[in-house]
Amino acid sequence: MKKCRKRKILKQACRTALPLIADYACSPGRLSPAQRRLVKRHLETCRNCSKTAEEIQYAVRILRSAAAMTSIPTRLTADRRQHILKLCEILHSPDSQRRMKTCRKKA
Amino acid sequence: MDTKHEDQNAVKLAAFDALVSEYEGVLLRYVTRIVRSHDAAQDIVQDAFIKLFQGWEGELRPSSEISSWLYRVAHNCAVDYLRKETRRTLLHNRHAEESDDFIHPNRGEAFRLNESAENAAAALHKLSLRDQQLIILKIYEEKSYKEISEITGLSVGNVGYILHYALKKLAEELKKSSAI
């Protein structure tokens, strides 16, 4: 009976800390000091969660270092940008708006 | 009256142009990580902005609402693109089985990475799209649980749980591919 109760308490503690572990591993600054303390204390006493937190930290480190090696364009190509603006100009023209209003009325 | 309307048009278009400049970079980064194709990402981000112009009824000014809206729409467009790609690949593979002179479809400029980055991207892509979305938003875009909740429609509590298990799965995939 005692054993069951102990297990239940442990599970509850894991459940409370679990959603915070990802933030603790990725961006601890996002957690409040109380939340950080809670996760830290839990990880010191729970071997399972501590192992998971370590694995998560590894995964985060690998993804971040992979990101540093990846170059992604930061701008749309000139023709795509022009296309967007031209289309929006057409969509916003009085003619097109009048047509859209008529369509909405018919619908 | 016409001049006034023209002025309003010019103001709206200028505001929209500023919005494109503000969000194009983050959206391209986000979508490229999901679809792994630069050309497709450019098309998807272009569509997301056009949808914003057509569908947004509030003020066209940078805000957390517009940012979440853009991420959400871009994500949905990316998911549609991936579904179409899967169907296209299936059809091409079927065609390949039937004909000898088969040429692989051109998917545009690929998302090229070095080996370890490729391992990480491959491990990430073994996860469900929902898991990928949460991991990309958290690790690469550095969003808070609240922001992720606004983008995905999940509750803040669920974001923490799903992210935890998604990162655990990712760690396992990385181990398998011996990246760890």
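**Reading an interface between two chains**

Modeller: Let us begin with one pair of residues: the side chains of A:Arg81 and B:Asp17 form a salt bridge, with N and O 2.7 Å apart. Please bear in mind that this is a predicted model.

Biologist: What is the general idea behind such a pair?

Modeller: Side chains of opposite charge can pair when their charged atoms come close. A second case here is B:Lys138, which forms a salt bridge with A:Asp23, the closest N and O atoms being 2.6 Å apart. B:Lys138 belongs to helix α5 (residues 129–140) of chain B and A:Asp23 to helix α1 of chain A, so this pair joins two chains.

Biologist: How many salt bridges are there between chain A and chain B?

Modeller: The count between chain A and chain B is six, while over all chains it comes to 16 salt bridges. Polar contacts are counted separately: 18 residue pairs, both members at pLDDT 80 or more, are in polar contact between chain A and chain B.

Biologist: Which elements of chain A give two or more residues to the side that touches chain B?

Modeller: They are α1 (2–26), α3, α4 (78–92) and α5 (94–106) of chain A. The largest share, 11 residues, comes from α3(A). Sorted by class, this side of chain A has 24 nonpolar, 10 polar and nine charged residues.

Biologist: How should I read the extent of the interface?

Modeller: One may look at residues and at area. In this model, 43 residues of chain A are in contact with 53 residues of chain B. The area buried between the two chains is about 4300 Å², and carbon and sulfur atoms give 66% of that area.

Biologist: At what angle do helix α3 of chain A and helix α7 of chain B pack?

Modeller: Helix α3 (residues 47–68) of chain A and helix α7 (residues 156–176) of chain B pack at about 70°, their axes being 8 Å apart. Angles of 65 to 115 degrees count as roughly perpendicular, and therefore α3(A) is roughly perpendicular to α7(B).

Biologist: Which residues make that contact?

Modeller: From α3(A), the residues include A:Ile56, A:Ala59 and A:Leu63. From α7(B), they include B:Leu167, B:Leu170 and B:Leu174, and B:Lys168 is also among them. By class, the contact of these two helices has nine nonpolar, two polar and three charged residues.

How values were computed
Residues are numbered from 1 along each chain as its sequence is written. Chains are lettered from A and ligands numbered from 1 in the order in which they are written. Side-chain values use heavy atoms; hydrogens and water are left out. Axes are lines fitted to C-alpha atoms, for helices over the stretch in contact, and angles run from 0 to 180 degrees between N-to-C directions. Helices (H or I, at least four residues) and strands (E, at least two) are DSSP runs, numbered from the N terminus. Angles under 35 degrees count as roughly parallel, over 145 as roughly antiparallel, 65 to 115 as roughly perpendicular and the rest as oblique. Contact means heavy atoms within 4.5 Å. Ala, Val, Leu, Ile, Met, Phe, Trp, Tyr, Cys and Pro count as nonpolar, Asp, Glu, Lys and Arg as charged, and the others, Gly among them, as polar. Buried area is the accessible area (1.4 Å probe) that two parts lose on being put together, summed over both. A salt bridge is a side-chain nitrogen of Lys or Arg within 4 Å of a carboxyl oxygen of Asp or Glu. A polar contact is a pair of N or O atoms within 3.5 Å; within protein, one must be able to donate a hydrogen and the other to accept it, and residues adjacent in sequence count only if both atoms are side-chain atoms.
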